[in-house]
Amino acid sequence: LKVIAARLHRVRLPLVHEFRTSSHRKTLLDHILVELEDASGAVGWGEIASPSDPYYAPETVETCWHVAERYLLPAVLGQSWERPEQVSQFWAKVRGNQFAKAGVDVAAWVLWSELQGVSLAQALGGTRAEVVAGVSLGIEPTIDDLLAEVRRQVAAGYPRVKLKIAPGWDVEPVRAVRAEHPELDLHVDANGIYTDDEPLLALDEFGLTMIEQPFAPRNLLAHSRLQQSMQTPICLDESIETLDDLETALSIEALRVLNIKVSRMGGLTAARAAHDRAKQAGIPVWCGGMHEFGIGRAANVAISSLPGFTLPSDVSASEKYYARDVITPPVVAEHGVVQVPKATGLGHAVDTDLIAAHTVATLSL
Ligand code: OSB
Ligand code: MG
């Protein structure tokens, strides 16, 4: 297989509901869609789902565009390969830039699956026909707004709710949600904002499934120490960008749960390897999201079909995010369950008209 043409599309879609975390706020998603084409004219799509600002990870939309244009696509164009695992080897010299890499890696996996006549989930070795979805709720203006949002999502059938927390928005909102939903699978995500154990220890009484990324990404030791003094499992997100990070975190017991994001790990090949390693270590995993459009979300659904993804993933239905998604059919959740597509490749048609209508920049190589 040889990629002979590549295209980037910078596409903006408004979110249906503003989303705020301890690190940023967003109302509009500005993602880069990647197309890889082979000599037969077959196309694989991927998505670079970097936030606009470098507050979750160091990348921005502009750095992703630059790195894809200047390094990643030139590394892949004209190279012959047999398996999608080989593609990330072509850019092995490029450090970091996980979001940019992930978009190109996913496009290669989708192209390969399409040409092999298998679904992306099958190509990855997925074993589930359906995956359980959770929702991630941002920081709301008031606790009443949050309670209304939780009620809406629970009524929609989602069995797991994650709340974004930050200093000043932690114990009280969690207490309020827990009081109304004593049995709900509930967890919190701090996006690395805390520096002290104290406010986190106060969350131990609420029976949370996990506390996600309480401390700064590189501060693995603080997570390890907190885990020794808390019942609630610690989950890592931002801390784990490579398999080496995971190895270090496991060795010091800095986590009991792993959030695997395809974007943060630099693609499906690395995400699957992280899954394999966590499974071997007895650490349950789930798939985190970055408000992907349907293309990135379809990749998240596919990876979530691997056997170690035993916790609900952030693969909510398209309608939670966008009025109209870039794929047809959109991602649909029924009673919080998403069917894993059986069709070849991505398993959804790509709506190129909708993409064209929301495109602000393109590049062909
Ligand atoms: O930490 O999981 C996170 C969105 C932007 C930045 C960081 C995170 C998130 C989410 C979104 O929680 C989850 C989703 O895509 O549904
Ligand atoms: Mg997170």
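Is Val-315 buried or exposed? In this predicted model, Val-315 is buried, because 27 other C-beta atoms lie within 10 Å of its own, and a residue counts as buried once there are 20 or more. Val-315 sits in the loop between α12 (294-303) and α13 (318-321). Leaving aside neighbours within four places in sequence, its contacts include Val-131, Ala-133, Cys-287, Gly-289, Val-331 and Val-338. Arg-297, Asn-300, Val-301 and Ser-304 are also among the residues in contact with Val-315. Asp-237, by comparison, is 78 residues away from Val-315 in sequence and 16 Å away in space, C-alpha to C-alpha.

The overall plan of the protein may be considered next. The protein is divided into domain 1 (3-117 + 352-364) and domain 2 (123-349). The contact between them takes 36 residues from domain 1 and 33 residues from domain 2. On the side of domain 1 that touches domain 2, at least two residues each come from β1 (3-20), β2 (25-38), β3 (43-48), α3 and α14 (352-357). The largest share of that side, 12 residues, belongs to α3. By type, the residues of this side of domain 1 comprise 19 nonpolar, 11 polar and six charged. Taken over C-alpha atoms, the centres of the two domains are separated by 22 Å.

In soluble globular proteins, nonpolar side chains tend to be buried together. Here the largest nonpolar core has 111 residues, and Val-34, Ala-68 and Leu-258 are those with the most contacts inside it. Helix α3 (residues 98-116) gives this core its largest share, 11 residues. Both domain 1 and domain 2 contribute residues to the core, so it lies between them.

Which residues surround ligand 1? They are Thr-21, Tyr-56, Ser-136, Asp-189, Asn-191, Asp-237, Gly-288, Gly-289, Met-290, His-291, Asp-314 and Ser-316. This shell divides into two nonpolar, seven polar and three charged residues. Gly-289 belongs to the shell and is also in contact with Val-315.

An unreviewed UniProt entry places the feature "domain: Mandelate racemase/muconate lactonizing enzyme C-terminal" at residues 143-233. Over these residues the chain is 40% helix and 13% strand, with the end C-alpha atoms 25 Å apart.

Key: Residues numbered from 1 in each chain as written. Chains lettered and ligands numbered in written order. Predicted model: local features only at pLDDT ≥ 70, side-chain atom pairs only at ≥ 80, totals over all residues. Near = placed C-beta within 6 Å. Nonpolar A, V, L, I, M, F, W, Y, C, P; charged D, E, K, R; others polar. UniProt positions renumbered as here; feature names shortened; annotations may be inferred. Helix = DSSP H or I, 4+ residues; strand = E, 2+ residues; numbered from the N terminus. Core = buried A, V, L, I, M, F, W, Y, C linked by C-beta atoms within 7 Å. Buried ≥ 20, exposed ≤ 12 C-beta atoms within 10 Å, placed from the backbone. Domains from an automatic or database assignment. Contact = placed C-beta atoms within 7 Å.
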